[in-house]
Amino acid sequence: MAIKITDECINCGACEPECPNNAIYDAGVSWKFSDGTALDGVIDFGDGVTLDADDSQAAVSDEVYYIVSDKCTECVGFHDEPQCAAVCPVDCCVDDEEVRESEEELLAKKAWLHAE
């Protein structure tokens with residue numbers, strides 16, 4: 001599963017620099033697959049969907065920091081626990097019950113994001 005940031009977020013920003021995949025963004029800020037990853041040019045999701053890694057994507061939240069679940073690996077392969085949750089002073093970085101992934105899937109996502 002991925003991690004999400006709840007609306008209890010106080011927008012302190014402690015989580016953002018901790019993410020090894022650059023999956024955390026400030027409220028209202030657009031994001032890109034290429035941000036902090038090895039993804040470049042046209043990326044293929046394997047289901048007929050393609051897009052340019054440098055295309056800006058709409059912000060997920062205009063209210064609080066947010067995590068892009070397509071880039072979140074729960075820090076698997078980097079750390080023993082999600083670093084955003086470890087540094088969050090109000091415990092609002094929690095499991096996203098709507099995005100469930102096995103450790104193998106998270107490792108495969110990490111490899112895809114970082115061209116390993």
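1. A word on conventions. Residues are numbered from 1 along each chain as its sequence is written, and side-chain values use heavy atoms, with hydrogens and water left out. As the model is predicted, local features need pLDDT of at least 70 and side-chain atom pairs count only at pLDDT 80 or more, while totals for chains, interfaces and linings use all residues.

2. The structure holds 2 cavities of 30 Å³ or more (a cavity is a set of points, on a 1 Å grid over the protein atoms alone, where a 1.4 Å probe fits but cannot get out; lining residues have an atom within 4 Å of a point).

3. Cys9 is worth a look of its own. This residue sits in the loop between strand E1 (3-5) and strand E2 (24-25) (strands are DSSP runs of at least two residues, helices H or I runs of at least four, numbered from the N terminus). Cys9 is buried, at 13% relative accessibility (buried means under 20% relative accessible area, exposed over 50%, partly exposed in between, with a 1.4 Å probe and protein chains only). Beyond its neighbours within four places in sequence, Cys9 is in contact with Val64, Tyr65 and Cys92 (heavy atoms within 4.5 Å).

4. Now the aromatic residues. The whole structure has 5 aromatic pairs (ring centres of Phe, Tyr and Trp, the last by its six-membered ring, within 6.5 Å; planes under 30 degrees apart are stacked, over 60 edge-to-face, the rest tilted). Trp31 and Phe33 pair edge-to-face, at 4.8 Å centre to centre and 65° between the planes, and both are buried.

5. Phe45 and Trp112 make a tilted pair, with 5.8 Å centre to centre and 55° between the planes. Phe45 lies in the loop between strand E3 (42-44) and strand E4 (50-52) and Trp112 in helix H2 (residues 103-113), so this pair ties together parts 67 residues apart in sequence. Phe45 is partly exposed at 30%, and Trp112 is partly exposed at 32%. Trp31, Phe33, Phe45 and Trp112 form one aromatic cluster.

Conventions. 1 Å grid on protein atoms, 1.4 Å probe; cavity = no way out; pocket = protein on both sides within 12 Å on 5 of 7 lines; lining within 4 Å. Points joined across faces, edges and corners; volume = space filled by probe spheres on them.
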